[in-house]
Amino acid sequence: MSTSLKKVIILAAPSGAGKSTITNYLLERFSRLAFSISATTRAPRGGEKDGVAYHFLSLAKFEGHVYQNDFLEYEQVYEGVYYGTLKSELERIWALGKVPVLDIDVQGAIRIQKQLGDKSLSIFIMPPSIEALKQRLLKRQTETEQSIQTRIDKAEYEISFSNQFNAIVKNDVLETACTDTANLLIEFLGPDFTK
Ligand code: 5GP
């Protein structure tokens, strides 16, 4: 696989649909994938280190990057909280001869797909049902009724955009969803990618 191809994999899903688990599965299985570290203005959660899951930036720094056109895309995912993919992050990964995996929100995913066209493979991870999603969020026990309802409403809105993605993977059975996603990657990147 030539680095000049500069391809990207984009995964998006409603919260609780299993996106992080599938992303971690792919990163473990394919050594030529690399997680694209987004920039965000949200505060690190317990134990999160800067430069691992995210580059944690102040709003002023984030805005500086916006003015300098450093982002491929950025989005206000939650009120007052910004997330974005820095062009320099993708360049860093391509320079390693790897393919970036972007774990980003639905709007950001669609925007990048429009920009990169056939250089990108966008995959929407579909929860089995709204009811199953609710049960998963309840199991986490980290959220209130109200915030679960907010997430459910958001999930329904996000699902309405799923037909704009290159592929939809239904996460009914996690193992199957993982292998289905892996097969889509192999098809997109070619068999050499797995070596
Ligand atoms: P969290 O704060 O829970 O880690 O992530 C919140 C949401 O922001 C998730 O849906 C995640 O996929 C999304 N997100 C993370 N990085 C980016 C990014 O660079 N751009 C966009 N548009 N969304 C992102």
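I count two strands as paired if DSSP finds at least two bridges between them. Helices (H or I, at least four residues) and strands (E, at least two) are DSSP runs, numbered from the N terminus.

I am working on a predicted model, where local features need pLDDT of at least 70, side-chain atom pairs count only at pLDDT 80 or more, and totals for chains, interfaces and linings use all residues. Residues are numbered from 1 along each chain as its sequence is written, and side-chain values use heavy atoms, with hydrogens and water left out.

**Hairpin.** I looked up β5 and β6 first. They form a hairpin with two residues between them. Gly80 in the turn has a positive phi of about 75°. The pairing is antiparallel, over six bridges. Glu73 stands opposite Thr85 of β6.

**Other side of β6.** I then checked β3 (residues 38-40). It pairs with β6 over two bridges, also antiparallel. Here Thr40 stands opposite Tyr83. For burial I use relative accessible area: buried is under 20%, exposed over 50%, partly exposed in between (1.4 Å probe, protein chains only). Five of the six residues of β6 are buried, so this strand is largely enclosed by the rest of the structure.

β5 gives the most, with four residues. The shell has 16 residues, and the closest are Ser38, Arg42, Tyr54, Glu73 and Tyr83. A residue counts if one of its heavy atoms lies within 4 Å.

**Polar contacts.** I took pairs of N or O atoms within 3.5 Å. A side-chain N or O atom of Lys19 is 2.8 Å from a ligand oxygen. Gly84 places a backbone N or O atom 3.2 Å from a ligand oxygen. Thr85 has a polar side-chain atom 3.2 Å from a ligand oxygen. The protein covers 87% of the 520 Å² of accessible area that the ligand has on its own (Shrake-Rupley method, 1.4 Å probe).

**Parallel pair.** Last, I looked at β8 (residues 120-126) and β9. They run parallel, joined by four bridges. Met126 has Lys170 as its bridge partner. Along β9 (residues 167-170) the side chains alternate.

Terms used:
A polar contact is a pair of N or O atoms within 3.5 Å; within protein, one must be able to donate a hydrogen and the other to accept it, and residues adjacent in sequence count only if both atoms are side-chain atoms.
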